[in-house]
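Take a look at the structure below.

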Amino acid sequence: MGIKRYYAKSDNTITNAFEENLSLRGTGSNMGAADILEVFSIYGQASSASAEKSRVLIKFDCTASTNSIQADRTSGDLPASGSVSFYLRLYNAKHGQTLPKSYTMDVSAISGSWTEGTGLDMELYKDKGESNWVNRVASSSAGTHAWSSTGGDYFTDTSSSFTASFDSGVEDIELDITTLVEQWCSSSANSKTPTDMGLKEDEGLIIKLSSAYEGADRSYYTKKFFARGTEFFFKKPCIEARWDSSIEDDRGNFYYSSSLATAEENLNTLYFYNYFRGRLRNIPDVGTGNIGVSIFSSSADSPTGSAITLVADGTHVRSGATFAVTGGYVSTGIYSASFAMTAAATPLTAINDVWFSLSDSITNAAAGTQYGTGTIAPQTVKNLFNAPANKYMISVTNLRDFYRSDETARFRIYTRQKDWAPTIYTKAINTPAVQIVESGSYEIYRVIDDLKVIPYGTGSTKHTFLSYDTSGSYFDLDMNMFETGYFYGIKLSFYNEDLGSYVEQPETFKFKVESRQNK
């Protein structure tokens, strides 16, 4: 899937700004039910050196409760630590007041619990109670009420403190907070260092102007973000999980080794999918361990003769075990193996991959328990003397008009060269071969206003990369990320090696998301 969003459970603006009379401060004010979050500093309003500040508290849910980060990781919907990045997303709210420019904000983990409150007044600061500039909880609650330091308690170590920069002032916050989220999700306290504080209780984040700006002899008034109560679905604060979920299965795009390619480029990756009664399941005797693959010459789609000897590279093919590739676990019920294969004087036009139980004593599919056999048609690398002009015809073969908001859908993309010109005989009996696009990405936009709901993610995380197998490209999409009642469009972009960039394809594909009750 590659991308998943977790929305804020609590948020509030706290301030020590002066009330309307410029005499009393609104330190007891609460704005927990407001649909806006506000950060500012005001210098010299009440007196020549007076300072007023406003900060934001916001909390998500990383515990084991339903729809939380930790629960999704436990269920396998999120990758393990180290394979996923978490980004804080806060969206700028336009307003008619002054807007500061050229400054930074600190985003830090809150130390200690706090309650949201139900205040709304962001002008006169008349709504009191719950978390505010002085107290973390309502004064009527049991236990300790006050922050240790007025304005909120927070960590300053580098693993849970981050900085967001603003140039024009209208920017959103899109900040990598992976190290902190992993501490929130940790099950044990590691040794504490400046960069690794081990386990932290999930008490959320405080967002404030950096000290150099919050304490400056000038005002930075005012920066506003949409709060969790906003009416705008795609402007709600969230933590966005991003990871490369693409599966690059070379079964339909398998090449013999060539001196025109590097050792890494000569590797082909094959996948094995263990479906049992329609659901992916780990192979009992393999679990999350290694699995073996032997390669045979194929006749009528069946292995013939002995396993083919492969070149040992010490990683994928072990010395002394050249009849087998060492494969491994990918995710529940999915295993993969990578290897390079040299063509014979007369290259085989078809081979079989046989997956089996690998061990130190069993290094050949002929001797182990066999789990499945696939068929591959290897190709040879051919040199070109001109740059190819790739133009594609694209369709989403399983596109539906409507999707439920509670489902995860898989979109299957069929791609072929645009200039495919079959003979009459070929056209009568065959469909054109699938063109495997190895580097592709998708983008989702809302049709009514062209709002980019999921922009292309082709950077370091590659969270919108397309997977591919023998049937072409595909990707999965969590429909819970979309506001119901609207049409959305899919755009595709393929990497062009000659241009050194992605080229957006002209076709778009549209669908509508509806609530479960409407379907």
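**Pocket, sheet and salt bridges**

Strand E1 (3-7), helix H1 (69-75), strand E12 (268-273), strand E17 (325-331), E23, E26 and strand E27 (472-478) each give at least two residues to the lining of the second largest pocket. Helices (H or I, at least four residues) and strands (E, at least two) are DSSP runs, numbered from the N terminus. This is a predicted model, in which local features need pLDDT of at least 70 and side-chain atom pairs count only at pLDDT 80 or more, while totals for chains, interfaces and linings use all residues. Residues are numbered from 1 along each chain as its sequence is written, and side-chain values use heavy atoms, with hydrogens and water left out.

The second largest pocket has a volume of about 1,700 Å³. Of its 48 lining residues, Met1, Gly76, Asp77, Leu78 and Trp243 are the closest to its centre. A pocket here is an open set of points on a 1 Å grid over the protein atoms alone, where a 1.4 Å probe fits, with protein on both sides within 12 Å along at least five of seven lines; lining residues have an atom within 4 Å of a point. By class, the lining has 21 nonpolar, 12 polar and 15 charged residues.

E23, E26 and E27 also belong to an open sheet of four strands, in the order E21-E23-E27-E26, with antiparallel pairing. Strands E21 (392-396) and E26 (467-469) stand at the edges; each has a single partner strand, so one side of each lacks a neighbour in the sheet. Five bridges join E21 to E23 (residues 408-417). Two strands pair if DSSP finds at least two bridges between them. Ile394 has Thr415 in E23 as its bridge partner.

Now the charges. The whole structure holds 26 salt bridges. Each is a side-chain nitrogen of Lys or Arg within 4 Å of a carboxyl oxygen of Asp or Glu. Glu214 pairs with Lys208, with the closest N and O atoms 3.9 Å apart. Glu214 counts as buried because its relative accessibility is 7%, and Lys208 counts as buried at 3%. Buried means under 20% relative accessible area, exposed over 50%, partly exposed in between (1.4 Å probe, protein chains only).

Lys452 and Glu443 form another salt bridge, at 3.8 Å between the closest N and O atoms. Lys452 is exposed at 52%, whereas Glu443 is buried at 3%. Finally, Arg5, Arg89, Glu174, Glu240 and Arg242 are linked in a network of salt bridges.

Notes. Grid points are joined across faces, edges and corners, and a volume is the space filled by probe spheres set on the points. Ala, Val, Leu, Ile, Met, Phe, Trp, Tyr, Cys and Pro count as nonpolar, Asp, Glu, Lys and Arg as charged, and the others, Gly among them, as polar.
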